[in-house]
Amino acid sequence: MTREYIYHRFERFWHWVQAALIIFLGVTGFEIHGLFTFFGYEQAVQYHEIAAWSFIILIAFAIFWHFTKGEWRQYLPTWKNVRAQAEYYVFGIFRNAPHPTKKTVLSKLNPLQKFVYAGLKALIIPTMVITGLVYMFYRYPQRYEVLSLNIGGLQTVAVLHTIGAFLLVSFFVAHLYLITTGHKVTSNLKAMITGYEEIPDSEVMAAVETVRTGSKETVGETKEVSR
Ligand code: HEM
């Protein structure tokens, strides 16, 4: 077994704080939506706002980190290996087949994850932040204060914010399942806690063989591993 450092300290901190905030925003948001009562409507709105501002601050740090470290390239979608990865999740995983791609600190997302995470970061999270802020600064009846938004109504904004929330819940459920699909059931979870992933020697040998036979690994491209 080889231990490979995959997730930096800031990355792990950001991941877990983001996960906690999104879960909390989901719980308070769906209470505001009227799905259940837990904190009580007014408290839920207040907690939702506090969590939303914390999320925005975290996003600002994460953007800074991604651009200064060049880590944004991890999310550049590519068609390479998409099919192999999809086949692995649908068939291979149930036949104990080897993972079609190998995680390294240079390339930690598999091709399907690149698509999903790019969509999440470029589309869903910005939509949630923008619609959330519009929701927050909208005033009815119009009061023309500084920092109040005077738009016709909130319907579209509320619908978009709620659709985004349902998409995030779906992502969360899929994410919980995918956590268990590492080399061992707990490998992915452990990696996101300690930063280190345990990789079976057979896969390391296969990766070395791939390099020896001339295939190059670049940032944003996952290496193919065959056994
Ligand atoms: C920075 C990000 C966010 C901001 C600024 C924000 C802001 C808001 C605001 C101001 C409201 C309306 C509260 C009220 O009725 O007074 C709201 C509602 C809601 N939020 Fe967020 N939110 C954010 C992120 C999220 C996330 C990540 C989720 C889900 C995981 C979420 C789920 C919801 C839901 C379901 C509602 C109820 C929508 C409705 O019934 O119309 N929000 N949000």
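Modeller: Asn96 counts as exposed, at 69% relative accessibility (buried means under 20% relative accessible area, exposed over 50% and partly exposed in between, with a 1.4 Å probe and protein chains only). Its place is the loop between helix 3 (82-90) and strand 2 (101-102); helices (H or I, at least four residues) and strands (E, at least two) are DSSP runs, numbered from the N terminus. The phi angle of Asn96 is near 60 degrees, a positive value in a residue other than glycine.

This is a predicted model, in which local features need pLDDT of at least 70 and side-chain atom pairs count only at pLDDT 80 or more, while totals for chains, interfaces and linings use all residues. Residues are numbered from 1 along each chain as its sequence is written, and side-chain values use heavy atoms, with hydrogens and water left out.

Read along the sequence, their pattern is β-α-α-α-β-α-α-α-β-α-β. Of the 227 residues in the protein chain, 37% are buried. The accessible surface is about 13,800 Å², and 68% of this belongs to carbon and sulfur atoms (areas come from the Shrake-Rupley method with a 1.4 Å probe; for residues, only the protein chains shown count as cover). Among contacts between residues at least 6 apart in sequence, 68% join residues at least 24 apart; a contact means heavy atoms within 4.5 Å.

Tyr7 and Tyr196 are 189 residues apart in sequence, and their C-alpha atoms are 7.0 Å apart in space. Tyr7 lies in the loop between strand 1 (2-5) and helix 1, and at 10% relative accessibility it counts as buried. Leaving aside neighbours within four places in sequence, Tyr7 is in contact with Arg12, Lys103, Lys108, Ala191, Met192 and Gly195. Tyr196 also has Arg3 over its face, at 4.4 Å from the ring centre (a charge sits over a ring if NZ of Lys or CZ of Arg is within 6 Å of the ring centre and within 35 degrees of the ring normal).

Asn188 belongs to helix 6 (residues 187-194) and is buried, with a relative accessible area of 17%.

Next comes the metal. The iron atom of the ligand is coordinated by NE2 of His48 and NE2 of His161, at 2.0 to 2.1 Å (donors are N, O and S atoms within 2.8 Å of the metal, or 3.2 Å for Na, K and Ca; water is not among the atoms, so sites may look incomplete). The six donor atoms make angles of 87 to 179 degrees, and the site is octahedral. His48 lies in helix 2 (residues 41-69) and His161 in helix 5 (residues 155-179), so the pair ties together parts that are 113 residues apart in sequence. His48 counts as buried, at 17% relative accessibility, and His161 also counts as buried, at 15%.

The aromatic side chains remain. The structure holds twelve aromatic pairs (rings of Phe, Tyr and Trp, the last by its six-membered ring, pair if their centres lie within 6.5 Å; planes under 30 degrees apart count as stacked, over 60 as edge-to-face and the rest as tilted). One of them joins Phe10 and Phe13; the pair is tilted, with 6.2 Å centre to centre and 45 degrees between the planes. Both residues lie in helix 1 (residues 9-33), three residues apart, which is about one turn of the helix. Phe10 is partly exposed at 22% relative accessible area, and Phe13 is partly exposed at 48%. The ring centres of Phe67 and Trp72 are 5.9 Å apart and their planes are at 20 degrees, so this pair is stacked. Phe67 counts as exposed, at 55%, whereas Trp72 is partly exposed, at 33%. Phe24, Phe38, Phe39 and Tyr47 form one aromatic cluster.

Key:
Tetrahedral: all angles 85-135°; square planar, octahedral: opposite > 155°, others 65-115°.
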